[in-house]
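Subject: Structure handover and notes

Hello,

Here is the structure for you to look at. Please open it first and keep it beside you while you read the notes.

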Amino acid sequence: MAIDPNFEANRDVAEQHEGHRVWGPVDEPEQLGIHGTHVAVDFDICIADGACLEDCPVDVFEWTDTPGHPESDIKADPINETQCIDCMLCVDVCPVDAIDVDPGRAGRL
Amino acid sequence: MNAGVRSEAASKKMSTDIRFTDFKSDKQPTWCPGCGDFGTMNGMMKALANTGNDPDNTFVVAGIGCSGKIGTYMHSYALHGIHGRALPVGIGAKLANPNLEVMVAGGDGDGYSIGAGHFIHAVRRNVDMTYIVMDNRIYGLTKGQASPTSREDFETSTTPEGPKQPPVNPLALALAAGGTFIAQSFSSDSQRHTEIVQKAVEHDGFGFVNVYSPCVTFNDVDTYDYFRDTIVDLAEADHDPTAYDDAADAIMDGDKEYQGVLYQDEHSVAYEEREGLSENMAVIPDRAPDNATDLVREFY
């Protein structure tokens, strides 16, 4: 399963985290939703592989602790999504298709 | 007034509500994921927005190469020129209409090989414009051949034992040609890259920025990690860009990868200002033809 690129229409904002939106539903610790809007990471898909953190040229992602989540205990959080340059490398390298980048989505909000 | 920088009054129309995203076109770049050109372009757009420009008064000229696609990806007036010949087009546009913000972009091949002649003469003419070179030290669009800035031992398909000649030092070329603003930045360092391009835009004269813009597909030597590990930021060093001798020493130091403004002539006055060109020629009665068709006939 990959991140839903239409999450804007299909989900609601549940909360804010580190300056970015979290798109629900959220039911911690098992269900964490999608973090970020311009750079969106589906925490329920992320397996903490780390390729995006390693490769992002402008360091958009940082690890955040998510103890008790069935996929992984840490997640790649798009804390610096405003720094995103839309190069799509994270989308390309993510082994589980947990990331979607859409600058237009950021502009609409 | 800070000499060498446009005065407030001389600045073009200041738009307060322009955001850098207004300079993005609706075309999705076809650069490889992770390409340094994304960050380079991002900083260019931010610098343009931060200096009060808007797409209506901005003209982007590009040459050939991966970098050459930039005019398509930016929302502004643009011209995709021929290989190495973007600079004269930009100069022509600026002289015809000095109110335009002209930004020329190209790669290391476009600027230092095919267009090397235009480069040094554009530098010495000192027209008020900005020249951004996306330097990835390889020909990326043609799938990886040595470029003028490739290392002497850089193995490629056409140079299996390396080019066997030292790389061009573009900053030194610019200095020798009488450059008035010579800078270098790294596409991955968004904030510093934007600041440096912004200074180039604000400079009264030819603002030249060589941007380390890594090729993630064909250059596994000059990588993001390499630049992150080796770059020396002049903002953290005791460097006075207005001191010519210090600038020359830094520019000729081939062992260091500097980021920052290496040299700025604080007394620079742009060519078109010296020549008294200040208005759009198309609207000056004694210079513009009544009928463009007549002009075409005259010169055709």
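This is a predicted model: local features need pLDDT of at least 70, side-chain atom pairs count only at pLDDT 80 or more; totals for chains, interfaces and linings use all residues.

Residues are numbered from 1 along each chain as its sequence is written, chains are lettered from A and ligands numbered from 1 in the order in which they are written, and side-chain values use heavy atoms, with hydrogens and water left out.

The annotated cysteines

In UniProt, an unreviewed entry carries the annotation "binding site" for A:Cys46, A:Cys52 and A:Cys94. UniProt positions are given here in the numbering of this model, feature names are shortened, and annotations may be inferred rather than shown by experiment. These residues are spread over 49 residues of sequence, yet they cluster in space, with a largest C-alpha distance of 10.7 Å.

A:Cys46 sits in the loop between strand 4 (39-42) and helix 2 (51-55) of chain A. Helices (H or I, at least four residues) and strands (E, at least two) are DSSP runs, numbered from the N terminus. A:Cys46 counts as buried because its relative accessibility is 7%. Buried means under 20% relative accessible area, exposed means over 50%, and partly exposed is in between (1.4 Å probe, protein chains only). Leaving out residues up to four places away in sequence, A:Cys46 touches A:Val41, A:Glu71, A:Ser72, A:Lys75, A:Ala76, A:Val96 and A:Ala98; contact means heavy atoms within 4.5 Å.

A:Cys52 is in helix 2 of chain A. With 8% relative accessibility, A:Cys52 is also buried. Its contacts, again without residues up to four places away in sequence, are A:Phe61, A:Ala76, A:Cys90, A:Val93 and A:Ile99.

Where chain B meets chain A

Twelve residues of chain B and 13 residues of chain A take part in the contact. About 1,000 Å² is buried between the two chains, and carbon and sulfur atoms give 50% of that area. Buried area is the accessible area (1.4 Å probe) that two parts lose on being put together, summed over both.

There is one salt bridge between chain B and chain A. A salt bridge is a side-chain nitrogen of Lys or Arg within 4 Å of a carboxyl oxygen of Asp or Glu. The side chains of B:Lys24 and A:Asp86 form this salt bridge, at 2.5 Å from N to O. On the side of chain B that touches chain A, helix 1 (36-50) and helix 8 (224-230) of chain B are the elements that give two or more residues. Helix 1 of chain B gives the most, with three residues.

Is B:Gln259 buried or exposed? B:Gln259 is buried, because its relative accessibility is 1%. B:Gln259 lies in strand 8 (residues 257-264) of chain B. Its side chain makes a polar contact of 3.1 Å with that of B:Asp189 and one of 3.2 Å with that of B:Asp233. A polar contact is a pair of N or O atoms within 3.5 Å; within protein, one must be able to donate a hydrogen and the other to accept it, and residues adjacent in sequence count only if both atoms are side-chain atoms.

B:Thr30 lies in the segment before helix 1 of chain B. B:Thr30 is exposed, at 55% relative accessibility. The side chains of B:Thr30 and B:Lys69 are joined by a polar contact of 3.1 Å.

Salt bridges

Side chains of opposite charge can pair when their charged atoms come close. Over all chains, the structure holds twelve salt bridges. One of them joins A:Arg105 and A:Asp100, with the closest N and O atoms 2.8 Å apart; both A:Arg105 and A:Asp100 are buried.

In chain B, the side chains of B:Asp222 and B:Arg151 meet in a salt bridge of 2.6 Å, N to O. B:Asp222 is in the loop between strand 6 (206-212) and helix 8 of chain B, and B:Arg151 is in the loop between strand 4 (129-135) and helix 6 (170-176) of chain B, so the pair ties together parts that are 71 residues apart in sequence. B:Asp222 is buried, with a relative accessible area of 1%, whereas B:Arg151 is partly exposed, at 25%. A network of salt bridges links B:Arg137, B:Arg151, B:Asp222 and B:Glu257.

Regards
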